[in-house]
Amino acid sequence: MAEYLVSTCGLSPEAAAKAAPRFSNLTSADRPDAVLAFLRSQGLGKAQVRAIVSRKPALLLSDVDATLSPKFTALRALGLKRADASRLFALFPSALTYGVHSNLLPRVLLWLDLLGSTTLLMKWLAKAWLLKYTVDLLLHNLATLRGIGLPEARLTALVRLRPTIIMQSPAKLKALVARVEACACVPPTSGMYTWCLFALHNIGDRAFEAKKAAVTRGFGCTDDEFAAMFRRAPCFMFSSEEVLRRKVEFLSTACGVGCVVNNPVLLTFSVDKRMAPRLRALEALRSRGVVIRKTSVATVVRLPEAVFLERYIHRYKQDVPQLLELYP
């Protein structure tokens, strides 16, 4: 059977040898052949079939009519296109082992309801094992977030932005909610609450503390000032510790801690691609005697790209040709 798994299914010799004992009582290749033919008839390519068999080799022993076909039919009945139904099983082969009514349909239906479209369902299936988690777990976690007062519209937006937030144990979700309270002290009704939740979901305690230290030590600011910055622009914590330290160093010279505490969004911008080029461009204009209305570093950096180009680059490119070299 190992040879069959290699030559017919495309498995590596190592994977085939590991799976072969499952087929020790098999006397004919008729059933595996039927399974492979069925999967291909559903539009699955060689790589997708190989992925399914590699993850769940026992599926080759399935009865096509009794076990496999009803699952594809059920997804098509929900409105999924043939290609999407096939890709769903390729992305998460374990779904082919689920009972149609006990697990498969309830999980897919819930995610379709939460995400709002097949497009988002397929997008997230490619990134996370959405269908691994029980409906009871997901509903419990949704109830937890509703219970703290998170508005329904923001809960929907949060799940669509990062569904993995509800794909964790109830204990971990409660711990995450507690971290938001401790780190940001922002009410769930605030528009920034979901962003704080999102940020802390993606940053572990150790990494968070290291990045916090890079900011507080670099700027010499207090824990309360840091909390205010995080509360207003939590996404700056997605930068690596090294990159964050460099941003702090640059902004300390460019505008000082007070400016950043009041405009923490500055920490989300790139030093090399945005902040430094813009300030160099303004310095070049001033050095050529161009009178520029007094404006803060924060205002200059935060301007939309099109507005900055029109106001400072295109308007003066004839008078100061080197602007095109300095920016971006």
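**Group meeting: a walk through the predicted model**

Let's start at Ser94, which sits in the loop between helix 6 and helix 7. Helices here are DSSP runs of H or I with at least four residues, strands are E runs of at least two, and both are numbered from the N terminus. Ser94 counts as buried, because its relative accessibility is 11%. The cut-offs: buried is under 20% relative accessible area, exposed is over 50%, and partly exposed is in between, with a 1.4 Å probe and protein chains only. What does Ser94 touch, leaving aside neighbours within four places in sequence? Arg55 and Lys56. Contact means heavy atoms within 4.5 Å.

Some ground rules. This is a predicted model, so local features need pLDDT of at least 70 and side-chain atom pairs count only at pLDDT 80 or more, while totals for chains, interfaces and linings use all residues. Residues are numbered from 1 along each chain as its sequence is written, and side-chain values use heavy atoms, with hydrogens and water left out.

Now confidence. pLDDT is the predictor's confidence in each residue, from 0 to 100. The protein averages 91, and 96% of the residues score at least 70. Among the elements, helix 9, residues 135-147, has the highest mean pLDDT, at 97. Helix 1, residues 2-7, has the lowest, at 68. Where pLDDT is low, the predicted coordinates should not be read in detail.

Next, the interior. A nonpolar core is a set of buried Ala, Val, Leu, Ile, Met, Phe, Trp, Tyr and Cys residues joined through side-chain atoms within 4.5 Å. The largest one has 88 residues. Which members touch the most others? Leu88, Trp111, Leu145 and Phe230. Helix 7, residues 100-115, gives the most to this core: seven residues. Take Trp111. Leaving aside neighbours within four places in sequence, Trp111 has contacts that include Leu121, Leu138, Val159, Pro163 and Met167. There is also a second, separate core of 15 residues, with Ala284, Ile292, Val300 and Ile313 among them. In soluble globular proteins, nonpolar side chains tend to be buried together.

On to helix 5, residues 64-77. Its 14 residues reach 18 Å from first C-alpha to last. That is close to the 20 Å expected at 1.5 Å a residue; the expected span is 1.5 Å times one less than the number of residues. Where is helix 5 kinked? The kink is centred on Pro70, at about 30°. That bend is the angle between axes fitted to the seven residues ending there and the seven starting there. The buried residues of helix 5 are Val64, Leu68, Lys71, Phe72, Ala74 and Leu75. An α-helix has 3.6 residues a turn, so residues three or four places apart point the same way. The cover over the buried residues of helix 5 includes helix 3, helix 6 and helix 7.

Now charges. Side chains of opposite charge can pair when their charged atoms come close. A salt bridge here is a side-chain nitrogen of Lys or Arg within 4 Å of a carboxyl oxygen of Asp or Glu. How many are there in the whole structure? Six.

One joins Glu152 and Arg146, at 2.9 Å, N to O. Glu152 is partly exposed at 41%, and Arg146 is partly exposed at 38%.

Another joins Arg246 and Asp272, with the closest N and O atoms 2.8 Å apart. That pair links helix 15, residues 241-254, to helix 17, residues 271-287, across 26 residues. Arg246 is partly exposed at 40%, and Asp272 is partly exposed at 48%.

Then Arg278 and Glu305, with closest N and O atoms 2.9 Å apart. Arg278 is in helix 17 and Glu305 in helix 19, 27 residues apart. Buried or partly exposed: which is Arg278? Arg278 counts as buried, because its relative accessibility is 0%. Glu305 is partly exposed at 35%.

Lys212 lies in helix 13, residues 205-219, and counts as buried at 18%. Beyond neighbours within four places in sequence, Lys212 contacts Asp223, Phe226 and Met237.

Ala254 lies in helix 15 and is partly exposed at 28%. Outside four places in sequence, Ala254 contacts Leu279 and Val297. From Leu96, Ala254 is 158 residues away in sequence and 58 Å away in space, C-alpha to C-alpha.

Finally, Cys185, in the loop between helix 11 and helix 12. Its phi is near 50°, a positive value in a residue other than glycine. Most residues other than glycine have a negative phi.
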